[in-house]
Structure formats: structure tokens, C-alpha cells
Amino acid sequence: IHTPSFKIDKKANIYKYGENNLYPDFLLDLFLNKSGKHRAIIEKKVTMVAGQGWEFDRSNKDALEFWENSRGSGDLDELAVLNSTDDEVFYYAALIVRWNATRDRIAAIDFVPAHKIRKGTAPRTWWVSDNWQHYKKPESKTRKYIEFNKEPGLPKDFDKMDIGQKRLHTAQIIIFKNVTIGSDAYPHVPYQPFTHYLLSDYQIGKFTLNNVRNGFTG
């Protein structure tokens, strides 16, 4: 296990995350399937970060409607838990903000899993794919986003843009990225030096289980 490199992939117009561009999948598998201790620690931290959700005046209809996020991928309490988990596992998290037709009001907020995100080589661009191993296939739904611009209103030439360009202005991405020394592309997760211990925990568990199944005989 080594520190991942962040090389430029000129064909995909992204910074690769790891040699095979699948290092986030390794981190996700480490969290979900390898070390129960690792998962327990992260879930405890998520509980402390997300707390009991947002506090606001629920008699305020606009605030309540925004919190409910009925057109998005869950209410703001649910998004807080999802983003906090991604922030602990990957050390960054993201949301997709969708504007209404006139771009003067946020219509919905969607959660986007951090392991599906790659930094674009162009300034303020990010790419999302359901499967980076086969990102060119249509079923991977690989698409580009530009960073969220809070200024309302559509560009003057919006009507002349194609569908892809229009989407960049009506659906934008917010990245919550921790800053770490040694990388401008992706942050190094704080537990990076300990990943081999987490894998050892998993392998020792497998070894012990096999011993039990074999009656402790060679």
C-alpha cells in the first residue's frame, strides 16, 4: 500500500486518482468490507459531526421547503450524514445544485458520492462517472460539471448553447475539499499511513476464520 499518485489523463481530461484511477474504490471497500474497527470509528465521527440535524424555524415555509429538498436526493439532514461520511472516508465531499429554469432560485440539491468524482484538468471543472473503469461507456453516465456559481441569472448567450453547455449553468457542483500538503488535486486521507494495518485486521480475521473451519489443523 502506497500513497496514490495524481497524474494527468489527457484523454479523459482529468487528474487520475491512483495509478489505475480507482483509489477511491479501494478506500470505499476498506470502509465497507475490510475493517470493522475502521468503520466503527468513522461512523462515530459522522454521528458527532452531523449531530441531530439542522435547527431552524419550521414555521418559516421557505426554510422548511429548502430543508425538505423534495426534488433532490433527500432532506438536508440526510445530506449532512452522507456528506459527513464521504468527508471522513475520502476527506472530501460534494453536492450537485440544480437551479430553476430562470436560474434565480435553487430548485434541488443532490448528493453525489465522492468516489465517483474526479478533478478536471480545466479550471473549476469536475467529472462524475458511475464507473471510472469503463467511463467511456454510455451506461457509466460520465458527465462534466463546473463549480457552483452563486450569482443568479443565465448567461446572455444561454439560448444559443447546446444542451450540454446549458446543463453546466443549470446544474453545478459544490466540492468540500480538505487541504493537505503535497497535492493540489485530491487530499490525502489522514489514515493513509495506517491502511496496511486496516488490511491486516481483515486478513487476520480471515486467517482465524479459516483455522476455525479447519478445526485448527494444517
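**A helix pair in its setting**

A: The protein contains 6 helices and 8 strands; helices (H or I, at least four residues) and strands (E, at least two) are DSSP runs, numbered from the N terminus. The model is predicted, with local features requiring pLDDT of at least 70 and side-chain atom pairs counting only at pLDDT 80 or more, while totals for chains, interfaces and linings use all residues. Residues are numbered from 1 along each chain as its sequence is written, and side-chain values use heavy atoms, leaving out hydrogens and water.

Starting at the N terminus, the order of elements is β-β-α-α-α-α-β-β-β-β-β-α-β-α.

The pair in question is helix α2 (residues 36-50) and helix α4 (residues 76-90), whose axes come within 9 Å and cross at roughly 135°. Such axes are lines fitted to C-alpha atoms, for helices over the stretch in contact, and angles run from 0 to 180 degrees between N-to-C directions. The two helices are therefore oblique to each other: angles under 35 degrees count as roughly parallel, over 145 as roughly antiparallel, 65 to 115 as roughly perpendicular and the rest as oblique.

On the α2 side, the contact (heavy atoms within 4.5 Å) is made by I42, K45, V46, V49 and A50. Helix α4 contributes A80, V81, S84, T85, E88 and V89. These residues divide into 7 nonpolar, 2 polar and 2 charged; Ala, Val, Leu, Ile, Met, Phe, Trp, Tyr, Cys and Pro count as nonpolar, Asp, Glu, Lys and Arg as charged, and the others, Gly among them, as polar.
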